[in-house]
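Biologist: I have a structure open and would like to learn how to read it. Could you take me through a few features?

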Amino acid sequence: MATLNIQGHKVQVDDAFLSMTPEQQNSAVEEIAKSLPATGPKPAGELSDAAKAGIAKGRANMALSPEERRAAVGFDPDTRQPAGVPGFAMDSGYNPLSGKIEGDDAISKIRTTSGGIVEGIPILGPMIRGGVDQAAAATIAGMSDESYGDALKRIQAGTVAEKSMNPRLDRGSQLTGAVAGTIPAMIEAPAAFGIGATTKAGKYLAPMFSGAAINGADSAVRSGGDARETIKGGLIGGGLGLAAPILAPVVGKGVKAVADNLNLNAVARALGLDKKAAGVLAAAVKHDAIESGALSQIGSDGMLMDLGPNLRHTAGAVAATPGEGKAIVRGAIGARDDAANWRIRSTLDNTLGEAPTPSRIIDRANRNQQLLAPEYRRALRDAGPVDTLPIARYLETEAQTLRGEPQRLVQRVRAMLDHQPTPADIARARAVGQPGPGTTLVTDAAELLNARHAIDDMLETTQGANAVNALTTARQAVDDELRSSVPGIKEVDAKYAELARQKEGVQRGQTVLSSGREAPRPDELATEFRQGALPQGMQVGPSAVPVRLREGARAEIERIVGTNANDRVALQRLIKGEGDWNRARLSTLFGNDKAGAIIDLLDREKLFADTSNIVTRNSETAARVATREAIDPGSGGGFGVREGFIAGGARGAARAAGTRAVESVIDALRNGGNEKAIADMARALTSGPQQSAVLDALMKAGRGSPLQQSQVDRVARALLLGGGPTINRP
């Protein structure tokens, strides 16, 4: 609403009146004046002087051309606004409700940012920005009555206004564009910017010339070819290019250090650790090159401290620092060591079954052999007389040609074929008046069977290939006669022989894991295992020899465990062996899965034993060093790796290095952490697979920020070469 003074009367008019053209307003005023009563000395219907002057001025304005009207009110031809009113773009930053340009409008900021990034690109940026504005002006002119020139001026005026309202955003966007426009050139031609150069000329002169060329050309484009600005830009660019190889690496290291520090802070907060303690743990994880999921690979009893030597030394340092942390580490180690024997035995029993006692297996086989005596008697009851004359002649011939032990053994077998008369035989002969009977050849099958049993006993103790061959041949001759004379005896023999083979299998199984010459090679054991299952002679069905081989090996494993339970390192060495033969032998007997489970068990227990030894040994060593230093300051620092090697060789050097590592960790903890932080650190070191997130967080801290120093180096170079001169742009 507005108030007009018409003929001395105050008349209120609405917004519709204000939106009228001057001609329409004059007509409206005349109509209003006619309806008003006359005031003062003027005749009725006559307008006041002020109204007449206003109407006259309105009519005069209507007679002016648009250019004359703009000149009359001080119209700015560039911004197309009255003098003193900044230009604006109707689609960005203009609020139609308030009728004002709002510089903090989101669309205005977006246009300033995007336009600044494009404009900041060295050399090509102004051309691209100008081309975009020209394309927009041509589009507007083609879709409206506005001329191309007016549209372009309006767009450019809006850009100037937006930049004036967001100066920092505009400058930052141009810097971003300058850096983004320079980095691709560095990637395509790194040598031109001194990246990777090995000579001083390539390292310093190349970026200097590149900087001078890029910024000189950029200044020429932006200044319209002004020589002074071109030279100025080239000098600034050359100077910054010369400084880039020196400043960029420093900036890269600094930014990388800051990023890594922020990353470490985040990890420390997530784990609830002191920053210094988290740094010590993260460094140990990094130096041990631990991979993700490593905790789950060492079983449910594994701890973080088991994963590498640096973590073990760190745990040793905590165990040597008085306080709650020491109790946590040593308590966890002690509890695990106490349960070692139970873990090993229970895992073996669950994997391989309970261990048998070899002597009991053999005794049971011997009893079963004795139980076959009735079957032998039944077979002999229906047997006819045996003919041992051919056997006796063969043995007599052999005794004439053989010498030494083979001759003696053959003579003993020949003597077994003689039947000595009993006192009853002699008495009966005398009773009928006949001379006493002399020595005759055996004709009774039972006597010949006993002779074969005696030969078997001799074979068990005979040494020498010739002697064994002679006895074996003699036994075969006796066995052939029994087969032909005693029906069914070979079936009983097969049962007896199977029990004998099983006894041999138990004894053989106890040797498969030894390292001596008596132990079979993996391929030999595999052959024995396969052939052992095949039935022999008149046996029906597979043999139990493989089962006895397995039981013998299981019994031997139990013996090794029983005699080395407190020395897990020796236990692992004896069962696993130095090479891969024992793994292959165990795979033959128990299968690949069970063999792998046993080897993994032994490896884990050896790892746990190593951790226990290192943590407790290093903690005691560090404590002694600290005590000695307290008694005699300066005496604890002179024994290093070199002295350790001189005193104890490679092992002494390793011990000295471990002690040094523990001392350095102790110093870090004392300087950076409190007792609570060390206790939290101890809990992290004793965490198991159920807390793999702790390891993942420490690995993240050890890797540092994903930001690479080389990337920062290139951005810094690009900022110096392309962004430096941007700061000096008007």
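Biologist: Does Glu556 count as buried, partly exposed or exposed?

Modeller: First, some ground rules: this is a predicted model, where local features need pLDDT of at least 70, side-chain atom pairs count only at pLDDT 80 or more, and totals for chains, interfaces and linings use all residues. Residues are numbered from 1 along each chain as its sequence is written, and side-chain values use heavy atoms, with hydrogens and water left out. Now the general idea: buried means under 20% relative accessible area, exposed over 50%, and partly exposed in between (1.4 Å probe, protein chains only). Glu556 counts as buried because its relative accessibility is 12%.

Biologist: Which residue does Glu556 meet in a salt bridge?

Modeller: A salt bridge is a side-chain nitrogen of Lys or Arg within 4 Å of a carboxyl oxygen of Asp or Glu. Glu556 meets Arg559, at 2.7 Å from N to O. Both lie in helix 24, three residues apart, about one turn of the helix. Helices (H or I, at least four residues) and strands (E, at least two) are DSSP runs, numbered from the N terminus. An α-helix has 3.6 residues a turn, so residues three or four places apart point the same way. Arg559 is partly exposed, at 46% relative accessibility.

Biologist: Which distant parts of the chain does the pair Arg345 and Glu558 link?

Modeller: The closest N and O atoms of that salt bridge are 2.3 Å apart. Arg345 sits in helix 14 (residues 340–352) and Glu558 in helix 24 (residues 545–564), 213 residues apart. Arg345 is partly exposed at 27%, and Glu558 is partly exposed at 23%. By the salt-bridge rule, the count comes to 27.

Biologist: What is Ser612 in contact with, leaving aside its neighbours within four places in sequence?

Modeller: Contact means heavy atoms within 4.5 Å. Ser612 touches Ile333, Asp337 and Arg617 in this way. Ser612 belongs to helix 27 (residues 592–631) and is buried, at 7% relative accessible area.

Biologist: Why is helix 29 described as largely enclosed by the rest of the structure?

Modeller: Helix 29 (residues 675–685) is described that way because eight of its eleven residues are buried, among them Ile678, Met681 and Leu685.

Biologist: Where does pLDDT stay under 50?

Modeller: pLDDT is the predictor's confidence in each residue, from 0 to 100. It stays under 50 over residues 87–104, for which the model has 36 contacts beyond four places in sequence. Residues 627–633 are also below 50. Where pLDDT is low, the predicted coordinates should not be read in detail. The protein averages a pLDDT of 75, and 64% of the residues score at least 70.
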